Amino acid sequence: MKIKTISAIMAIVILTSIQTMAQKTLAKATKGKFLFGVAVNMQQVNGVNPVETELITKEFSAIVGENCMKPQPIHPKEDQYKWDDADKLVAFGEKNKLAVTGHCLLWHSQIGRWMFVDADGKDVSPEVLKERMRQHISTVVGHYKGRVRGWDVVNEAFEDNGSYRNSKFYQILGKDFIKYAFQYAHEADPNAELYYNDYNVENPTKCDAIVEMVKELKAAGCRIDAVGSQAHMHMKTPTLEATETSFKKLKDAGVHILITEWDISILPSPYEGANISANFKYSKEMDPYREGVPDSIQQKWNKRVLDLFGLFLKYNDVVDRVTIWGLTDNTTWLNNFPVRGRKDYPMLFDRNNKRKPVVDEMIKLANNCKTKKKLSNNK
Ligand code: G3I
């Protein structure tokens, strides 16, 4: 009898340790709650740095191309598509069982000027632009039909004051360019999820404008599954309250939420947005941690990460994915934005590709959080 009891206890101990060991990655700990993703560059996809590639396949459950699926790189000329990099990204995702998101179909930046002008360099007519948008979207979405989980159909169409960004799309087609884009994407792959993506979504005026757009798209019979909040954040802004308020507004508008480009800059910031054209002069004052981050600042950053991650977990009924924008402090775009040549520490993995201590705290938080997803959403 005694031997039987001891071996039963041993079995339970081993089992629990295996179980807890299994939850020791962000991907596993968030399973059933939301996907945990990372934006990857082609060096990582091509395995140029095997340590980074291994980190991606081990710690994450989703990937997005930091640049390779954008209009300019994938469709540089009207009659030319460049599929190589994006094909490799999707194949990498499939090989490593990582959900792939397409970023992005229409954006005012990183897009060929040819999309908007005729042979004389004049703006094309609304009909011509619509047809060029349809060609671009149906060709790109069609090429990856059934292999890409969802698409950022339109990226950054609003200003922070809630007005429509005065892009060439808007100038030529007005706000309806968004509706056409979602219609074309759905026609090209009816099973793909479709998202609207923007930064500063926590800004109440901008969030209200996005909610209004969501309602108009739904009223027009368009499929829109979620709004992507890029979440390029700073030590104090956006506040937890503003972030939660935006979650409530989007949930009430009947869409799910994606955290699509999460990073938290630890540096002082002259600018609080992600408009890539913004650029500010370098100064030592703006780059205070070249020799490393003082522990007191690091502790504040860790708390900021955990507070926000806790909020994402609290809304895991509607938050379907949390993606960090870059893998390590080495590869982050924030070392050169909005001031070139700084040393920032916004990511969860340091310059030696090592996990930061906060990651273990995030995993504990996720392990102790129950899933709120209805089984149907629990893919
Ligand atoms: O590929 C070319 C290379 O051939 C050339 O030699 C090199 C020199 O200029 O440029 C390379 O292209 C760069 C590209 O990244 C790939 O590295 C572009 O100049 C550079 O502007 C581009 O920056 C990207 C930026 O979007 C462009 O808009 C960043 O990596 C990327 O992190 C950033 O991501 C955006 C999201 O898509 C949307 N939300 C904001 C976010 C940050 O701006």
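Visitor: Start with Phe 312. Buried or exposed?

Guide: Buried means under 20% relative accessible area, exposed means over 50%, and partly exposed lies in between (1.4 Å probe, protein chains only). Phe 312 has a relative accessible area of 0%, so it is buried. Keep in mind that this is a predicted model: local features need pLDDT of at least 70, side-chain atom pairs count only at pLDDT 80 or more, and totals for chains, interfaces and linings use all residues. Residues are numbered from 1 along each chain as its sequence is written, and side-chain values use heavy atoms, without hydrogens and water.

Visitor: How many aromatic pairs are there?

Guide: Rings of Phe, Tyr and Trp (its six-membered ring) pair if their centres lie within 6.5 Å; planes under 30 degrees apart are stacked, over 60 edge-to-face, and the rest tilted. The count here is 16 aromatic pairs. One of them joins Tyr 81 and Trp 83. Their centres are 5.2 Å apart with 0° between the planes, a stacked pair. Tyr 81 is partly exposed, because its relative accessibility is 23%. Trp 83, at 18%, counts as buried.

Visitor: And the pair of Phe 247 and Phe 312: what angle lies between the planes?

Guide: The angle is 40°, with 6.2 Å centre to centre, and the pair is tilted. It links distant parts of the chain. Phe 247 sits in helix α11 (residues 240-252) and Phe 312 in helix α12 (residues 295-314), 65 residues apart. Helices (H or I, at least four residues) and strands (E, at least two) are DSSP runs, numbered from the N terminus.

Visitor: Which rings link into a cluster?

Guide: Phe 34, Phe 36, Phe 60, Phe 309 and Phe 349 do, through ring pairs.

Visitor: Which lysine lies over the face of Tyr 199?

Guide: A charge sits over a ring if NZ of Lys or CZ of Arg is within 6 Å of the ring centre and within 35 degrees of the ring normal. Over Tyr 199 it is Lys 206, at 3.8 Å from the ring centre. Trp 301 has a charge over its ring as well: the charged end of Lys 356 is 4.6 Å from the centre.

Visitor: Now pockets. What volume does the second largest pocket have?

Guide: Rolling a probe the size of a water molecule over the atoms shows where empty space is left. On a 1 Å grid over the protein atoms alone, a pocket is an open set of points where a 1.4 Å probe fits, with protein on both sides within 12 Å along at least five of seven lines; lining residues have an atom within 4 Å of a point. Points are joined across faces, edges and corners, and the volume is the space filled by probe spheres set on them. The second largest pocket comes to about 370 Å³. It is lined by 16 residues, and His 234, Met 235, Lys 236, Lys 300 and Arg 304 are the closest to its centre. Helix α12 gives the most to this lining, with 6 residues.

Visitor: How is that lining split by class?

Guide: Ala, Val, Leu, Ile, Met, Phe, Trp, Tyr, Cys and Pro count as nonpolar, Asp, Glu, Lys and Arg as charged, and the others, Gly among them, as polar. The lining holds 8 nonpolar, 2 polar and 6 charged residues.

Visitor: How many disulfides does the structure hold?

Guide: A disulfide is a pair of cysteine sulfur atoms within 2.5 Å. The structure has 0. Take Cys 207: the closest cysteine sulfur, in Cys 222, is 20 Å away, too far for a bond. Cys 207 is buried, at 0% relative accessible area. Cys 369 is also buried, at 18%.

Visitor: Which peptide bonds are cis?

Guide: Most residues other than glycine have a negative phi, and most peptide bonds are trans. The bond joining His 103 and Cys 104 is cis, with omega about 0°. Cys 104 is in strand β3 (residues 99-107). The bond from Thr 237 to Pro 238 is cis too, with omega near -10°. Pro 238 lies in the loop between β7 (232-233) and α11.

Visitor: What is phi of Lys 97?

Guide: It is near 50°, a positive value in a residue other than glycine. Lys 97 is in the loop between α6 (84-95) and β3, and is exposed at 75%. Glu 156 also has a positive phi, near 60°. Its place is the loop between β4 (150-155) and α8 (168-173). At 4%, Glu 156 is buried.
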